[in-house]
Amino acid sequence: MKIKQQKITAIVLGILFVALVIVYFTVIAPMISGEEAETEPLETVEGEVISSNNRYLMFPKVERSGIQAIEVHNEHGSFTFYRDASDNFQLSGFEGMTYNQELFASFVVTAGNTLAMMKVTDNATPEQMAEYGLDDPQAYWILTTTTGETHQVNIGDILVTEGGYYCSYEGRDSVYILSTTLASTMLQPVEKLIMPLLTAGMSQNDYFYAENFMIFHGEDLFIRLTNKTPEEMSNPEAIVEPKMTFPSGYEPNTELYYGTLYNFASMVGTETVKIGTDEEILKQYGLYEPAYTVAYNFNDYSFFVFVSEKQEDGTYYATSNLYNFQLIAKVGSDMLGFLDERFFTWISDYPFQPNIKEVDTIQILSPDGTTDVHFKLHHGIDSDTNPTLEADIVSADGRRGFINNDYISNFRQFYKTLLSIQLHEETTPLTEEQITDIVKDDNLLLTFSYKLLTGEEVEYKFYQYSTRRALVTINGVGEFYVYVDMSDKIISDTEKVLVGLDIDSYGKK
């Protein structure tokens, strides 16, 4: 028992001695001498360099400009960075991927500057190499200089104190201790060095020019938005104006849409989790049959981003065609949370927003048929090149009328009434079964439809389901409500147009 205790004591003292030596040479000695920890080398012996404070470089320091390639082998796999013909570093097999400049700089310094904290021994026996984990090293790297020299450093076990790693230079029997920076450079998977970039090409100054923006839920198209043509735009000061082309008949929530596009100007995730994919890897991250797909066009390029279901920590996995679906990134909900938004949040509170210059016909129909009016609009230009508007009016009960450009202002007030149709902030608290039961002729309050000059037709129907609320369907689909007073206001103003009474578009009736 006494012999065993002596052995344990000797081991502990040995560890303390190594730790004290490291502290002395890395901290105390430089402070006493007034020198920096890394000094100019004094001499080179069999490839290693001895500095003025008796520290060792395993091979002469190689600056970044002198490195041709760095090849790494560790428990996570193998990878090589090399200098290409344009003098840029590339990841072999994944050329073009963007790496983290700060982390890559540390990686390059570690590879080319092997300043040891201390040398443990020269002429180590095979048994000693095994003791330090260097008979079968956990990792190694090979640095190739621009002049063709190669240097291989093997990484063995971590010190008991976890203050460094035992290392050796290939072909030399010496054992050195290198710092723990190896853990964040040579012992990391290559993914740690690569930026989790999913999209590129747009900037903060032009992202809104994206076209044909689509979101798919599984294989089903959820929404599609694009930009209006100059002829369709209603705001002369706007650079672009979006329109929702699927489902048709809705005005988009521009704040949500442009906020989403802004994220895609240059979408960077929180981390790169995998480089190099196949069917099994895509399945592992929920991307082989993605929960969501986002697609859009910008200039002459089409982007596709596949996204998984939301994970338990609130993040998503995503991949894109930027790198041919070979990079999988983890992305936060600040970037992709819009994917879980209900359709209601994607549309404007005011769904009827077409510029009057786009409208061909409007029809207002009450369920009892007492109001059944058809407006045919005529657009023109006067002798001063100003736009003109006139309207034919035909009522099912035989009333007819014509409004010329000189008296069209009252009709424009009527049009403002239509523009004021407001969907309220929440969807109806109704189940699908209840909606099916409500959408019947007995509950119909109003049908309002219009046709654009492009031929697109949209139909609104208002079905009363409570004293104050009416379910609105747009082209047969409904989950929104307006107040019943809105349908009454539209019918009332339609009758005023027929008899020539003034309309107050902001009034109740």
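**View 1. Pro 247 sits in the loop between E14 and H4.** Helices (H or I, at least four residues) and strands (E, at least two) are DSSP runs, numbered from the N terminus. The model is predicted: local features need pLDDT of at least 70, side-chain atom pairs count only at pLDDT 80 or more, and totals for chains, interfaces and linings use all residues. Residues are numbered from 1 along each chain as its sequence is written, and side-chain values use heavy atoms, with hydrogens and water left out. The peptide bond between Phe 246 and Pro 247 is cis, with omega at about -10°. Most peptide bonds are trans.

**View 2. Glu 251 is in the loop that runs between strand E14 (242–246) and helix H4 (254–264).** This is a buried residue without a salt bridge. Buried means under 20% relative accessible area, exposed over 50%, and partly exposed in between (1.4 Å probe, protein chains only). A salt bridge requires a side-chain nitrogen of Lys or Arg within 4 Å of a carboxyl oxygen of Asp or Glu. For Glu 251, the nearest side chain of opposite charge belongs to Lys 228, 4.3 Å away. Lys and Arg count as positive here, Asp and Glu as negative, and His and the chain ends are not counted. Not counting residues up to four places away in sequence, Glu 251 touches Lys 228 together with Trp 346, Ile 347, Ser 348, Tyr 350, Pro 351, Gln 353 and Pro 354. Contact means heavy atoms within 4.5 Å.

**View 3. Strand E10 (residues 165–169) is mostly covered, with 5 of its 5 residues buried.** Tyr 165, Cys 167 and Tyr 169 point one way from E10, while Tyr 166 and Ser 168 point the other way. E10 pairs with strand E9 (residues 150–158) in the antiparallel sense over 4 bridges; two strands pair if DSSP finds at least two bridges between them. In this pairing, Asn 154 stands opposite Ser 168, and Val 153 stands opposite Tyr 169. Strand E11 (residues 175–178) also pairs with E10 in the antiparallel sense, over 3 bridges. There, Ile 177 is the bridge partner of Tyr 166.

View 4. Strand E8 (residues 139–145) pairs with E9 in the antiparallel sense over 6 bridges, and Leu 143 stands opposite His 151 in E9.

**View 5. Glu 162 and Asp 87 each have a positive phi.** Most residues other than glycine have a negative phi. Glu 162, in the loop between E9 and E10, has phi near 60°. Because its relative accessibility is 56%, Glu 162 counts as exposed. Asp 87 has phi near 70° and lies in the loop between strand E5 (77–83) and strand E6 (89–91).

**View 6. The largest nonpolar core has 118 residues.** A nonpolar core is a set of buried Ala, Val, Leu, Ile, Met, Phe, Trp, Tyr and Cys residues joined through side-chain atoms within 4.5 Å. Phe 81, Trp 141, Leu 336 and Phe 411 touch the most other members of the largest core. Helix H9 (residues 484–499) gives the most to this core, with 6 residues. Leaving aside its neighbours within four places in sequence, Phe 411 contacts Ile 356, Ile 362, Phe 375, Leu 377, Leu 389, Ile 403 and Val 497. A second, separate core of 10 residues includes Met 117, Ala 124, Tyr 132 and Tyr 166.

**View 7. The chain as a whole contains 9 helices and 27 strands.** Of its 509 residues, 47% count as buried. Among contacts between residues at least 6 apart in sequence, 56% join residues at least 24 apart. The accessible surface of the chain comes to about 26100 Å², and 50% of that belongs to carbon and sulfur atoms. Accessible areas come from the Shrake-Rupley method with a 1.4 Å probe; for residues, only the protein chains shown count as cover.
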